[in-house]
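Student: I have a model open and would like to learn how to read the contact between its chains. Could you walk me through it?

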There are 2 protein chains.
Amino acid sequence: MTSLDPGSHRCVELSQHLRWIGDRWTLPIVVTLQPGARRFNELRRAVPGISQQMLTRTLRALERDGLVCREVYPTTPPKVEYRLTSMGASLAAQGRELGGWVESHLASLTASRAAFDAKAEEED
Amino acid sequence: MTSLDPGSHRCVELSQHLRWIGDRWTLPIVVTLQPGARRFNELRRAVPGISQQMLTRTLRALERDGLVCREVYPTTPPKVEYRLTSMGASLAAQGRELGGWVESHLASLTASRAAFDAKAEEED
DNA sequence: CGGCATCCTAGCCGATACTG
DNA sequence: CAGTATCGGCTAGGATGCCG
């Protein structure tokens, strides 16, 4: 990945496409879909705290990006399943790695913040 | 990383801490600092498009998180250098991996979006 | 040179209500 | 069950101007 070398500023462009990582729900949803297809409300229950609307929006965005596949069964009541595409699955793997990094550094991160804030406060 | 297994919803919590990765400038800055220390305006020039304020803010946040170290030389004119801590360096590595993923899937992503939008439009 | 303070806008995100 | 529509708050982030 030579275009990510320092000096190449492709990373500025690429970071635009990484913004969905920062949003609240993309990664949780993708990781939740890793084991297999899930129905809408099933997914909703599986991702605690998400609103119906954000689930819809995030799923649409993922579908648009070809990371998630939406399948509608025209039964009554309607049944809609979501599953990862192969690209989505590879993203999930990346997401888990990233989560692993955060998890293993979370303690240091928190400690560092506390120290920084304490120092800032004592200077007042 | 068992706590990232589907079924564990730690990922919801962790995703909170991933938000700063999704912001526009964190990754570009961290990657730019990979080769070694840089001065403020040097960094500013090296990261095209960043405003002075966002550079300041992002660097402060990185410093607070213990990812970047700030060193002031009390000369005239003042000189300030920023360099990655070891934790910052490991984040840079993660960032490059992530960037690599995006880069290698960017074409598919873009194509998928175009197809999705075209289909949505024809349905009007 | 290397900042900080202020103002402003766009878009994320949540809550609520309604539909096939 | 699986959405869509609407409203509104919060905040990331850009522009500008001042300071040591």
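**Reading the interface**

Tutor: Gladly! Between chain B and chain A there are 19 residue pairs in polar contact, both at pLDDT 80 or more. A polar contact is a pair of N or O atoms within 3.5 Å; within protein, one must be able to donate a hydrogen and the other to accept it, and residues adjacent in sequence count only if both atoms are side-chain atoms. This is a predicted model, where local features need pLDDT of at least 70, side-chain atom pairs count only at pLDDT 80 or more, and totals for chains, interfaces and linings use all residues. Residues are numbered from 1 along each chain as its sequence is written, chains are lettered from A in the order in which they are written, and side-chain values use heavy atoms, leaving out hydrogens and water.

Student: Which element of chain B gives the most to the side that touches chain A?

Tutor: Helix 6 of chain B does, with 20 residues. Helices are DSSP runs (H or I, at least four residues), numbered from the N terminus.

Student: How many salt bridges does the rule find across the interface?

Tutor: A salt bridge puts a side-chain nitrogen of Lys or Arg within 4 Å of a carboxyl oxygen of Asp or Glu. Here there are four between chain B and chain A. In one of them, D65(B) pairs with R113(A), with the closest N and O atoms 2.7 Å apart.

Student: And how many residues are in contact?

Tutor: Contact means heavy atoms within 4.5 Å. By that rule, 55 residues of chain B touch 55 residues of chain A.

How values were computed. Helices (H or I, at least four residues) and strands (E, at least two) are DSSP runs, numbered from the N terminus.
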